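Q: I have a structure open and would like to learn how to read it, feature by feature. Can we go through it together?

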Amino acid sequence: MTKFLFLLLGFLLLPPAQAATPARKPNIFWLIGENLSHDLGCYGAKDVHTPNLDRLAAEGVRYTRVFSTNPACAPSRSAFFVGMYQTSTDTHPMRAHRTDGFKLPEGVRPVTHRLQDGGYFTANIKTVGNESVGTGKLDLNYVNEGPIYHENSSEWETLKTRQPFFAVVNAEESEYDIYDRKSAEKDRVEWVGERIHVQHAKAESVTLPPYYPEHPVVRQEWARYLNSVSGMDLRFGKALAQLRADGLEDDTIIIFFGDNGRLEPRGIHWCYDNGLRVPMIIKWPKNFPAPAQIKPGTIDDRILSLIDVTATTLALAGQPKPLLMQGRVFLGEQTEAPRTFAFAARDRIDETPQRIRSVHDERYHYIRTLSTGPTFSSLNRYKEKCFAIMPVMRGLHAQGKLTGPALELMQRTGPCEELYDTQTDPHEVKNLLTSQEPEHREALIRLRAALDTWMTETGDRGAIPEPAEVTAPFAQEMHQWFGTPSWALPSK
């Protein structure tokens with residue numbers, strides 16, 4: 001009994017237990033590239049100078065099979081900012097719901113709001129000191145969800161005392177300088193930063209993709225695009241350098257990715273591989289144990305969708321994946337089953353209605369156009385004015401001078417189907433739809449079925465037409481902004 005009393009007294013005299021210290025959370029830094037595909041030196045691209053992103057890849061993991069869910073910015077961003085397909089949340093047409101009372105479906109929220117709940121300061125960075133590094137772009141098809149980021153968060157200097165932070169820099173390049181709304185008045189629309197870009201790419205030496213004709217203007221445009229990519233890298237380098245200078249790099253997960261595919265006529269807006277396949281690089285900080293899937297200087301060939309970046313970001317911030325979220329976690333202890341397919345959809349963009357669906361597996365790419373009429377050659381005033389390759393192709397076509405893949409592209413109409421072997425035909429110029437090779441027939445059957453299943457299971461809303469009163473004003477807006485080419489004007 002005496003022994004028991006001594007033990008009890010000793011227990012009572014122990015100091016009170018200390019509350020468990022909350023686990024320290026990493027900062028998370030998204031670098032979002034604008035309109036590009038695998039056009040970086042670390043991906044083997046020529047005629048570009050991308051030392052900052054190449055270094056990031058050497059110190060991190062480079063991903064090769066990442067696909068946006070739409071080949072244009074607003075629907076793609078609307079998807080990866082909530083981790084849900086835009087066709088499921090009714091945010092699939094380009095710049096929809098900007099003036100109505102639309103709100104996201106119940107249970108669907110911007111990633112920044114979820115991170116704020118978890119204690120993160122959220123910032124949309126535009127400047128580092130006196131340097132402009134980002135646009136502050138949102139371009140989301142939902143405007144009634146309240147502030148997306150914390151207020152007064154556009155300056156880099158806000159981050160040093162506000163940790164953990166989730167910061168985003170949206171690239172200024174690669175994009176046409178169009179937002180003064182005076183493009184119709186210009187002979188040629190410049191690229192953002194064109195006058196300061198170092199001319200690493202030369203028109204006479206670039207290699208053109210085979211779906212364009214050999215022409216001086218095509219060469220000039222291709223060089224301008226590649227120089228814009230180099231300009232993007234230079235600007236991102238300023239943000240990365242400041243991260244290091246402030247002593248934040250070793251506490252920050254850096255995730256670089258493109259928002260949609262390449263800024264070229266057959267890239268952006270179209271569900272070809274170069275309109276959907278985007279670069280992604282992830283660098284892990286030294287002060288946090290890396291997940292098993294992160295090994296510096298390696299390549300990851302898993303199939304990923306951009307909506308997976310959202311689910312994974314939440315997991316890395318220590319938050320559970322929401323039940324409705326369609327994105328999959330691909331890093332850490334919460335890692336989910338790998339994808340077999342990556343799906344994408346294109347619906348109305350500006351004044352141009354098209355309904356196109358796409359599915360990639362590790363090798364093959366199947367595209368289904370459900371809408372009728374011309375595809376690539378349909379009217380889009382933004383592309384007719386800004387993409388100088390378009391009028392060149394129209395002129396050559398009218399003269400009967402287009403041949404091969406360029407001619408097929410101008411002649412293609414919907415509804416139609418396309419099947420490509422992205423391993424042997426990375427430019428997707430040989431449609432295997434009618435091939436009798438067993439492996440091609442098997443791929444076609446497999447991908448058709450996968451796409452049908454996805455459209456049904458995700459509640460694809462693209463089959464519901466937009467009301468005429470919603471779509472009609474876009475033609476007038478685009479005419480005022482970019483003008484209308486003479487061939488598309490009503491005959492007198």
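Q: In which sense do β1 and strand β6 pair, and over how many bridges?

A: Keep in mind that this is a predicted model. Strands of a sheet pair through backbone hydrogen bonds, either parallel or antiparallel. Here β1 and β6 (residues 165–170) pair in the parallel sense, over five bridges. One place to look is Ile-32, whose bridge partner in β6 is Asn-170.

Q: Which strand is joined to β1 by seven bridges?

A: That is strand β7 (residues 252–258), which runs parallel to β1. In β7, Phe-257 stands opposite Ile-32.

Q: Are the residues of β1 buried or exposed?

A: For a strand, look at the residues pointing each way. Strand β1 (residues 27–33) is mostly covered, with seven of its seven residues buried. Asn-27, Phe-29, Leu-31 and Gly-33 point one way, while Ile-28, Trp-30 and Ile-32 point the other way.

Q: What does UniProt place at residues 26–318?

A: The record, an unreviewed entry, gives the feature "domain: Sulfatase N-terminal" there. Over that stretch the chain is 25% helix and 17% strand. The C-alpha atoms at its ends are 9 Å apart.

Q: Which residues touch the most other members of the largest nonpolar core?

A: The core has 75 residues, and the ones with the most such contacts are Phe-29, Leu-40, Tyr-176, Met-232 and Phe-256. Helix α6 (residues 216–245) supplies the largest share of this core, 11 residues. There is also a second, separate core of 43 residues, which includes Ile-148, Tyr-149, Ile-282 and Ala-315.

Q: Where is Phe-256 placed, and what is it in contact with beyond its neighbours in sequence?

A: Phe-256 is in strand β7. Its relative accessible area is 0%, so Phe-256 counts as buried, the cut-off being under 20%. Leaving aside neighbours within four places in sequence, its contacts include Leu-31 and Gly-33, as well as Leu-40, Met-232 and Phe-236. Phe-236 is 20 residues from Phe-256 in sequence, and their C-alpha atoms are 9.8 Å apart in space.

Q: In what order do the four strands of the open sheet come?

A: The order here is β10-β11-β12-β13, and the pairing is antiparallel. β10 (342–346) and β13 (413–421) are the edge strands; each has a single partner, so one side of each is left without a neighbour in the sheet. From one strand to the next the twist averages 10 degrees.

Q: How many bridges join β12 to β13?

A: Eight bridges join β12 (residues 364–374) to β13, and the two run antiparallel. Among the residues involved, Arg-368 has Glu-417 in β13 as its bridge partner.

Q: Which helix lies across these strands?

A: Helix α12 (residues 438–457) lies across β10, β11 (356–360), β12 and β13. Its angle to β12 is about 65 degrees.

Q: At what angle do helix α10 and helix α11 pack?

A: For a pair of helices, read the angle, then the distance between axes, then the residues in contact. Helix α10 (residues 389–398) and helix α11 (residues 404–411) pack at about 95 degrees, and their axes are 11 Å apart. That angle makes α10 roughly perpendicular to α11. From α10 the contact is made by Met-393, Arg-394 and His-397. From α11 the residues include Ala-406, Leu-407 and Met-410.

Note on methods. Residues are numbered from 1 along each chain as its sequence is written. This is a predicted model: local features need pLDDT of at least 70, side-chain atom pairs count only at pLDDT 80 or more; totals for chains, interfaces and linings use all residues. Side-chain values use heavy atoms; hydrogens and water are left out. Two strands pair if DSSP finds at least two bridges between them. Axes are lines fitted to C-alpha atoms, for helices over the stretch in contact, and angles run from 0 to 180 degrees between N-to-C directions. Contact means heavy atoms within 4.5 Å. A nonpolar core is a set of buried Ala, Val, Leu, Ile, Met, Phe, Trp, Tyr and Cys residues joined through side-chain atoms within 4.5 Å. Buried means under 20% relative accessible area, exposed over 50%, partly exposed in between (1.4 Å probe, protein chains only). UniProt positions are given in the numbering used here, feature names are shortened, and annotations may be inferred rather than shown by experiment. Angles under 35 degrees count as roughly parallel, over 145 as roughly antiparallel, 65 to 115 as roughly perpendicular and the rest as oblique.
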